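Please consider the following protein model with attention to its pocket, its charged contacts and its surface. The account is intended to be read alongside the sequence and the coordinates.

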Amino acid sequence: MKLYTKGQVVRRICYGALAAFTLTAVVFFNLGKNSAKKTNSSQGEQNAVEQRLVLNEPVSSVSDADEIIIPVASNSVTYSQDENENIYVYKNFNEAVVNINTKVIEYSWMWDAYQTDGGSGSGSIIDQRGYILTNVHVISGASKIYVSLYDGSQYEASVIGEDLDSDLAVIKIDPPAGVTLKTIPFGDSTKLVVGQKVIAIGNPFGMERTMTTGIVSGLGRPIQNSNNRIIRNMIQTDAAINPGNSGGPLLDTTGKMIGINTMIMSSSGSSSGVGFAVPSEIAVRVVSDLIKYGKVQRGVIDISIVQLTSRIAQYAGLDISTGMLVSEVEAGSNAEKAGLKGGTKAVYYGSRNSILYLGGDIITKIDGIAITSLAEYYSALESKKPGDVVSVVVHRNKKDVTLKITLSE
């Protein structure tokens with residue numbers, strides 16, 4: 001048995017530890033080298049797959065497809081100019097559009113009166129004092145009118161004034177102290193052009209503050225409304241307008257109200273891309289009078305008229321069958337001073353309680369506008385004020401005569 005000194009033992013232990021450390025380092029070096037090769041190989045395969053995807057080449061195997069990395073979209077969102085316009089208008093003005101609901105009085109078969117739901121529509125807040133612009137037909141016949149704001153609050157409204165000739169009405173709510181109402185400013189409808197973008201906000205089918213977009217499809221349309229009045233210069237638009245939109249604003253891309261959505265032309269009762277709005281040019285004038293006087297101060301001709309029909313024309317032996325037959329002229333009026341003549345032969349008209357005087361003038365034109373119906377007669381005078389002078393063409397003794405008549409209040 002060989003014996004070792006203490007110093008020899010220590011040296012042998014040190015040599016063994018050094019050898020073990022060296023062996024371990026070599027092993028880890030080789031493992032790292034192989035791992036790097038695999039990583040480079042995997043990266044190369046991934047690049048090849050991505051290259052094939054860019055070139056629209058098929059992925060060669062399932063393993064390749066499994067290694068495809070799909071990029072995550074950025075959180076930042078960009079909008080087109082058209083989208084930005086829509087977003088701006090809605091964000092800044094939708095809170096000024098209100099929902100209007102009415103209650104009406106009905107009667108049972110026992111003639112007991114009871115209150116039930118009436119119509120609904122839209123309106124625009126035009127003044128922070130609570131004045132709201134809408135259509136006459138939205139509130140027609142209502143016993144109660146309720147206005148709902150964007151935040152869900154509801155107020156009962158009172159009627160300030162109605163104007164059948166333009167189908168516009170002004171109602172008013174009284175919000176509590178501290179409540180600031182958002183409003184919509186009027187724009188200039190006289191500067192509209194066909195093709196211009198417009199935006200409608202309203203409550204179609206009760207869905208509050210719905211926005212639709214379109215263009216001005218036509219201008220200067222004479223349209224007869226539900227009140228049997230012809231409104232001239234109506235704005236035609238293809239922006240979707242449905243039941244519940246009536247009374248809501250038609251806006252330009254700056255958020256100014258250039259029209260009040262009033263009616264649609266549809267066989268189904270829903271939007272078919274042909275809607276009409278009362279131009280702001282009319283609304284500004286009507287609203288001003290309604291707030292100030294409760295009615296519109298229009299110039300009138302002081303006469304009693306009847307729409308001429310073929311039956312009346314035949315009975316009276318007239319050579320024309322359209323126009324407004326002047327039955328009576330108010331004594332001492334501007335119309336009498338201008339030379340307008342009424343009839344002299346009294347006959348019953350319509351019923352035994354109505355008397356018509358035949359033999360008077362027949363109005364056929366007012367300021368160049370042909371007059372064939374009562375609606376056209378009112379329409380021709382819609383924009384006139386007391387004191388305005390109009391040119392009136394009358395048919396008298398089978399000849400046309402032109403008169404200059406100063407309108408009365």
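The paragraphs below treat the pocket, then the salt bridges, and finally a surface patch. The model is a predicted one.

The largest pocket has a volume of about 290 Å³. Its lining comprises 15 residues, and those nearest the centre are L318, G359, G360, I362 and N397. Sorted by class, this lining contains five nonpolar, five polar and five charged residues.

Charged contacts come next. Across the whole structure, 16 salt bridges are found. One of them joins R298 to D165, with 3.4 Å between the closest N and O atoms. R298 sits in the loop between α5 (280-293) and β14 (303-307), while D165 sits in the loop between β6 (158-163) and β7 (168-172); the pair therefore ties together parts that are 133 residues apart in sequence. Both R298 and D165 are buried.

A further salt bridge connects D289 with K385, and here the closest N and O atoms are 3.8 Å apart. This pair, too, links distant parts of the chain: D289 belongs to helix α5, whereas K385 lies in the loop between α8 (374-381) and β20 (389-396), 96 residues apart. K385, at 35% relative accessibility, counts as partly exposed.

The side chains of R396 and D361 form another salt bridge, at 2.7 Å from N to O. R396 is located in strand β20 and D361 in the loop between β17 (351-358) and β18 (362-366), so that distant parts of the chain, 35 residues apart, are linked. D361 has a relative accessibility of 1% and therefore counts as buried.Some salt bridges share partners, and in this way D163, D165, R229, R285, R298 and E382 are joined into one network.

Is Y79 buried or partly exposed? Its relative accessibility is 46%, and Y79 therefore counts as partly exposed.

Terms used: Residues numbered from 1 in each chain as written. Predicted model: local features only at pLDDT ≥ 70, side-chain atom pairs only at ≥ 80, totals over all residues. Heavy atoms only, no water. 1 Å grid on protein atoms, 1.4 Å probe; cavity = no way out; pocket = protein on both sides within 12 Å on 5 of 7 lines; lining within 4 Å. Points joined across faces, edges and corners; volume = space filled by probe spheres on them. Nonpolar A, V, L, I, M, F, W, Y, C, P; charged D, E, K, R; others polar. Salt bridge = Lys/Arg side-chain N within 4 Å of Asp/Glu carboxyl O. Helix = DSSP H or I, 4+ residues; strand = E, 2+ residues; numbered from the N terminus. Buried < 20%, exposed > 50% of the residue type's maximum accessible area, 1.4 Å probe, protein only.
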